[in-house]
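Reader: I would like to learn to read this structure feature by feature. Where do we begin?

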Amino acid sequence: MYVADNRTVPDRTPDRAQDHPDTAGRRPLPGRRAVAVPGAVLALGTVSLVTDVSSEMVAAVLPLYLVAELGLSPLGFGLLDGVYNGVSALVRLVGGGLSDRGRGPKSVALAGYGLSALCKPLLLVAHGMPLIGAVLAADRTGKGLRTAPRDAMISLACEPGARGRAFGVHRAMDTAGALLGPLVAFMILRAAAGGYDAVFTVSGCVAALGVLVLLLFVPGRTTVPTTPAPEEGRAPLRAVLRRPGVRRLTGCAVLLGLTTVSDSFLYLTLQRRLDLSEAWFPLLPLGTASAFLLLAVPLGVVADRVGRRKLFLCGHLALLAAYGLLVAPLGESAALCCLVLALHGSFYAATDGVLAAATADAVPSAVRGTGLAVVQTGQAAARFVCSIAFGAAWTVWGDRTALGAAAAGLVLSTAAGTLLLRPAPAKSPPTSHRSPSVEP
Amino acid sequence: MNRKSHVSRKSRVLILLVAVLVLGGVAVGATLHAAGRAAEKDRVRSGGPAVRSGEVALDAPGVSVFQNMAWGPHRDEIASVPAGDPAGPRTSSGVRCLRFHTAGGTGVCLRAVRGGLRDTYRAVVLDARLRETHRYDLAGVPSRARVSPGGRSAAWTVFVSGDSYAGTAFSTRTSVLDLRTGHLDRTLEDYRFFLDGRPRKPVDLNLWGVTFADDTRFYATAATGGRTYLVRGDRAARTLRTVHTNVECPSLSPDGTRIAYKKRVEDASSDAPWRLYVLDLRTLRETPTAERRSVDDQAVWRDGGTLVYSLPGDYGSDLWTVPADGSGSPSVSMRAALAPAFTAR
């Protein structure tokens, strides 16, 4: 764990690439700055981009399809959301665990991407609410399954010193796909009014392409499989949780997740505060996504320089600033709206891929998938709890007070997180936490 | 995994190229097929009702106004037929809507607005000559629209699907508009909600399907905790009070004593769960109508004793009628039509 900190704080080890062998098995030249993003990372980014085009196409037209085409009332879905969230958290842990044993992360990721791809053509034949619900649940299961192994592969494919940038590149590509998907769906519906079947068919084709890119261009195990310490091989979850670094990082992610208001609530507050026209509402997520897209790589590079955990904490200050702008009586201007969305996007850019990179620093490669799954699941569960609590606070106190409370909570959890993640005291020798695979 | 490395880079690129061509072909084919099918709907189908362009007035005596669903250039337009001859030739106005309702010489039309990168939705208030008097942007897909009997209040419901990351989370948003003052209550969720007489603030409150008693008082559906309720609403007092359970899409009778509504029934299949019922507001007695099929519509009262509602048909939707007292049997009143209004009797 503390290896990462020492490495990424420039004034302590300026020549950070020198004494840190690459997890992927290559030893970088001393002092060399990684210039090219590894091919495997670009391939995984492409897979995510293509898959996100596919899934966001469907997400964009689904409400219209259910209401206008099938005449269904989609209200039942809201009730199932909680269950899906729980299931997908569990599936993510399973996916992380499976990727550390047996046939490795690529097989698990293939299974996850494949399952989601199969769900798209199934939407063509599912016409009732229960069936559509089942298909969407399977789609989410695929997403849950593939997340941790995919992040594990990204972290294993690049030099430890360039992880922040690698995750930044991946997240930027992922977000680009999410932005493109609705546009593709819109163009299809423009060419063919009511052509939802065409949208689902095209989405299925795009998803199949993503699976194929993964199969053909993402290498399997890039390193000679390391023999994990016996206890890690048998019980990766226990082995991961035994590491103080992982425990601290998970604790920090959970604490901060508990005060991270869900996107929908933030947009709703923004709309009310600024009295935005209803037609603007669906555009707000695009603002966040654009900022995320633009800043993911630069902030990933910054994370590599100043330390990932430090940037992860700083990213929450951007979120705090966004809360502050919404709580403060600053009038109603378009500039304020843009600023809030830019801060929200930079929060994601400074925390999403960066947390994965920080986790990779803390977890040896043999149990990397499990480690990533644990931290990400903790964060997702905490955000879900926050969502429920914030919803309750919103109805009882109103939006401004609820957001003020969330801001106060965020200040506290950021402070606690800073204490939790502060650089290790000297008594904790770096070598004791090195992963077995990088042991010289 | 090592066997993958035996496939050379060249052949991997080749495989990808072939896949792109095949999948691209399937994608283009599916889109063209759907485009052809869509174009079909713009052509008049033989055997369908005759439709011609003309003036449609919302307050003309002796005509029924509705949304024309017959294929051809006038699909989705507001049209009229002589009240005595619903199967007769239709006069179409050129005004297109996704949802429509009219009363007291006022119309409300929820429509899609074509944009460069996406479509948006808009609620438009129309006068008796179908001229636009007000417009309001909508946050989502139109679901229900109603005008008060006097024509001085309007309400609409849209489906709002959070953001793309929220996945399947949907909610309804119902707005109520005072046409005299122009005051718009964006969401009924801001009203005080009383469940069995006690004030509540449920997080999961959803409201839809307004039906007006007069310009300020109305009924609607409220959903919370997995149950639906009939609520009585007051625009002046900004309150909602539950009256009955398991009521969706209420429609108040012209004399204000009964509510026609969708009731979710136990033994029905989950994708066709509703039956058309009538509730007597004085006794709270429920009467099932003779319609045994699942009805997903906010019914309309043609008169004090007859309900009109839509069921899926060859052209998307047909209008059926059934007696409100549970007697008789359902019969088709108009093919290829939606959203009927019986205001100028």
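This is a predicted model: local features need pLDDT of at least 70, side-chain atom pairs count only at pLDDT 80 or more; totals for chains, interfaces and linings use all residues.

Reader: Which residue stands opposite Thr321(B) in strand 26 of chain B?

Author: Ser331(B) stands opposite Thr321(B).

Reader: What is the order of the open sheet of four strands in chain B?

Author: The order is 23-24-25-26, with antiparallel pairing. Strand 23 (300–303) and strand 26 (331–334) of chain B stand at the edges. Each has a single partner strand, so one side of each is left without a neighbour in the sheet. On average, neighbouring strands of this sheet are turned by 40° against each other, direction ignored.

Reader: Now the open sheet of six strands in chain B. What is its order, and what is the pairing?

Author: The order is 14-13-18-17-16-15, and the pairing is mixed. Strand 14 (198–200) and strand 15 (206–212) of chain B are the edge strands, each pairing on one side only. From one strand to the next, the twist averages 35°.

Reader: How many bridges join strand 17 of chain B to strand 18 of chain B?

Author: Six bridges. Strand 17 (residues 227–234) and strand 18 (residues 239–245) of chain B run antiparallel. Take Gly233(B): its bridge partner in strand 18 of chain B is Leu240(B).

Reader: Next, strand 21 of chain B. How many bridges join strand 20 to strand 21 of chain B?

Author: Seven bridges join strand 20 (residues 258–264) of chain B to strand 21 (residues 274–280) of chain B, and the two run antiparallel. Tyr261(B) has Tyr277(B) as its bridge partner in strand 21 of chain B. Strand 21 of chain B is also joined to strand 22 (residues 286–288) of chain B, by three bridges and again antiparallel. There, Val278(B) stands opposite Thr287(B) in strand 22 of chain B.

Reader: Which residue takes a positive phi in the hairpin of strand 21 and strand 22 of chain B?

Author: Leu284(B), with a phi near 60°. This hairpin has five residues between the strands.

Reader: On to helices. How do I describe a packed pair?

Author: Two packed helices are described by the angle between their axes and the distance between the axes. Take helix 4 (residues 105–125) and helix 5 of chain A: their axes come within 7 Å and cross at roughly 155°. That makes helix 4 of chain A roughly antiparallel to helix 5 of chain A. Helix 4 of chain A passes helix 5 of chain A in a left-handed crossing.

Reader: Which residues of helix 4 and helix 5 of chain A make the contact?

Author: From helix 4 of chain A, they include Val108(A), Ala109(A), Gly112(A), Leu115(A) and Cys119(A). From helix 5 of chain A, they include Val135(A), Ala138(A), Gly142(A), Leu145(A) and Met153(A). By class, this contact has 15 nonpolar, four polar and five charged residues.

Reader: Are helix 10 and helix 15 of chain A roughly parallel or antiparallel?

Author: Start with the axes. Those of helix 10 (residues 244–257) and helix 15 (residues 368–397) of chain A come within 7 Å and cross at roughly 20°. That makes helix 10 of chain A roughly parallel to helix 15 of chain A. Their crossing is right-handed.

Reader: What makes the contact of helix 10 with helix 15 of chain A?

Author: Helix 10 of chain A supplies Val246(A), Leu249(A), Thr250(A), Ala253(A), Val254(A) and Gly257(A). Among those from helix 15 of chain A are Gly371(A), Val374(A), Gly378(A), Arg383(A) and Cys386(A). The classes are eight nonpolar, five polar and one charged.

Reader: Last, domains. What does the domain assignment of chain A give?

Author: It gives domain 1 (39–221) and domain 2 (236–435). Their centres, taken over C-alpha atoms, are separated by 22 Å. In contact are 33 residues of domain 1 of chain A and 34 residues of domain 2 of chain A.

Reader: Which helix of chain A gives the most to the side of domain 1 that touches domain 2?

Author: Helix 6 of chain A, with 13 residues. Helix 3 (75–99), helix 5 (129–157) and helix 6 (163–191) of chain A each supply at least two residues of that side. By class, that side of domain 1 of chain A has 15 nonpolar, 12 polar and six charged residues.

Reader: And what does the domain assignment of chain B give?

Author: Domain 1 (1–41) and domain 2 (50–341) of chain B. Between their centres, taken over C-alpha atoms, lie 44 Å.

Conventions
Residues are numbered from 1 along each chain as its sequence is written. Chains are lettered from A and ligands numbered from 1 in the order in which they are written. Domain bounds come from an automatic or database domain assignment. Two residues are in contact if their C-beta atoms, placed from the backbone, lie within 7 Å. Ala, Val, Leu, Ile, Met, Phe, Trp, Tyr, Cys and Pro count as nonpolar, Asp, Glu, Lys and Arg as charged, and the others, Gly among them, as polar. Axes are lines fitted to C-alpha atoms, for helices over the stretch in contact, and angles run from 0 to 180 degrees between N-to-C directions. Angles under 35 degrees count as roughly parallel, over 145 as roughly antiparallel, 65 to 115 as roughly perpendicular and the rest as oblique. A crossing is left-handed if the near helix is turned anticlockwise from the far one by less than a right angle, and right-handed if clockwise. Two strands pair if DSSP finds at least two bridges between them.
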